[in-house]
Amino acid sequence: MASTATMTRSASHPGWLRLTHWLNALAVLIMVSSGWRIFNASPFFDFSFPAVLTLGGWLGGALQWHFAGMWLLFANGVLYLMLNIASGRLFQRFFPVSPRGVLRDLSTALRGKLAHDDLTHYNQVQRFAYLFAIVDIALLVISGLVLWKSVQFGLLRELLGGYEAARRVHFIAMTLLMMFVVVHLVMVALVPRTLLLMITGKGRKA
Ligand code: HEM
């Protein structure tokens with residue numbers, strides 16, 4: 001009989017999920033660091049990103065990285081969403097979620113009383129944060145399409161309020177994603193066992 005301390009391969013973090021998660025993290029790193037270099041070439045705010053944090057060396061190089069990373073982000077994101085929906089995992093893991101539930105779990109977490117026994121179950125703060133990241137990345141891709149091919153994606157451009165507005169939407173969505181990443185990394189650091197599960201797929205069965 002398996003004890004509670006037994007390391008068991010988790011059905012909640014299958015191989016395809018771990019692979020798409022880490023490819024997504026790589027794609028986000030490439031997109032953000034090259035995006036900052038592109039922004040620096042023509043900033044619409046009164047600041048630039050430190051060159052050391054950017055990728056590509058110059059505008060042309062950064063654009064090459066951004067366009068290459070774009071395909072990885074898009075293809076990998078579509079694969080993640082398709083497998084998540086087809087397996088039924090998306091609805092099992094991320095729903096139900098409600099403002100009341102998020103606030104309840106947030107307040108429990110802030111009082112240090114949120115249980116982490118079952119790593120295969122996401123609390124409502126995690127559900128909200130992950131769904132937010134998924135929707136925000138979709139918005140980044142959509143606004144990015146407008147900036148890339150603004151004539152071809154004319155309807156999308158108008159829906160976003162025009163080319164310059166799409167630039168702002170793209171920038172704000174990037175900023176929100178970076179805020180998610182900071183909170184995400186803090187949450188992972190607070191419960192490091194989740195990292196082991198996301199790397200090996202093995203976790204302690206509750
Ligand atoms: C850079 C962009 C990143 C994004 C957009 C992102 C997004 C996500 C999402 C959406 C999930 C939930 C996946 C699912 O269950 O379907 C997740 C889980 C997870 N991520 Fe990330 N991630 C990023 C980077 C990272 C990094 C750099 C680390 C570690 C250093 C990390 C560690 C984890 C872990 C451990 C989990 C599972 C957490 C848990 O069980 O509660 N992520 N991430």
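Start by selecting helix α7: its 28 residues reach 41 Å from the first C-alpha to the last, close to the 40 Å expected at 1.5 Å a residue. The expected span is 1.5 Å times one less than the number of residues in the helix. Helices here are DSSP runs of H or I with at least four residues, strands are runs of E with at least two, and both are numbered from the N terminus.

The model is predicted: local features need pLDDT of at least 70 and side-chain atom pairs count only at pLDDT 80 or more, while totals for chains, interfaces and linings use all residues. Residues are numbered from 1 along each chain as its sequence is written, and side-chain values use heavy atoms, with hydrogens and water left out.

**Whole chain**

The chain has 8 helices and 2 strands, in the order β-α-α-α-α-α-α-α-α-β from the N terminus on. Colour by accessibility: of the 206 residues, 37% count as buried. Buried means under 20% relative accessible area, exposed over 50%, and partly exposed in between, with a 1.4 Å probe and protein chains only. Of the contacts in the chain with a separation of 6 or more, 69% are between residues 24 or more positions apart; a contact means heavy atoms within 4.5 Å.

**Helix α7 and its partners**

Return to α7 and show its buried side chains, among them Ala166, Phe171, Phe180 and His184. Which helices do the buried residues of α7 pack against? They pack against α1, α2 (59-86), α5 and α8 (193-200).

Select alanine 166, in helix α7. Alanine 166 counts as buried because its relative accessibility is 0%. Leaving aside neighbours within four places in sequence, alanine 166 is in contact with Ser143, Val146, Leu147 and Leu160. A C-alpha distance from alanine 166 to serine 150 reads 9.6 Å, for two residues 16 apart in sequence.

**The iron site**

Next, centre on the iron atom of the ligand, which is coordinated by NE2 of His21 and NE2 of His184, at 2.0 Å. Donors are N, O and S atoms within 2.8 Å of the metal (3.2 Å for Na, K and Ca); water is not among the atoms, so sites may look incomplete. Why is the arrangement around the iron atom octahedral? The 6 donor atoms subtend angles of 84 to 179°. Six donors count as octahedral if opposite donors are over 155 degrees apart and all others between 65 and 115. Ideal angles for six octahedral donors are 90 or 180 degrees.

Histidine 21 lies in helix α1 (residues 15-41) and histidine 184 in helix α7 (residues 163-190), so the pair ties together parts 163 residues apart in sequence. Histidine 21 is partly exposed, at 23% relative accessible area, whereas histidine 184 counts as buried, at 16%.

**Aromatic rings**

Now show Phe, Tyr and Trp side chains. Rings (the six-membered one for Trp) pair if their centres lie within 6.5 Å; planes under 30 degrees apart count as stacked, over 60 as edge-to-face and the rest as tilted. The count comes to 20 aromatic pairs. One of them is tyrosine 130 with phenylalanine 180: the centres are 6.3 Å apart and the planes at 75°, so the pair is edge-to-face. Tyrosine 130 is in helix α5 (residues 124-148) and phenylalanine 180 in helix α7, 50 residues apart, and both are buried.

Then select Trp36, Phe39, Phe44, Phe45, Phe47, Phe49 and Phe171, which ring pairs link into a cluster.

Two charges over rings follow. A charge sits over a ring if NZ of Lys or CZ of Arg is within 6 Å of the ring centre and within 35 degrees of the ring normal. Arginine 93 lies over the face of tyrosine 122, at 3.9 Å from the ring centre. Lysine 149 lies over the face of tryptophan 148, at 5.1 Å from the ring centre.

**Loops and exposed positions**

Move to proline 96, in the loop between α3 (89-94) and α4 (99-110). The peptide bond from phenylalanine 95 to proline 96 is cis, with omega near 0°. Most peptide bonds are trans.

Leucine 110 is in helix α4 and is exposed, at 71% relative accessible area. Finish at valine 52, in the loop between α1 and α2, which counts as exposed at 74% relative accessibility.

Terms used: Tetrahedral: all angles 85-135°; square planar, octahedral: opposite > 155°, others 65-115°.
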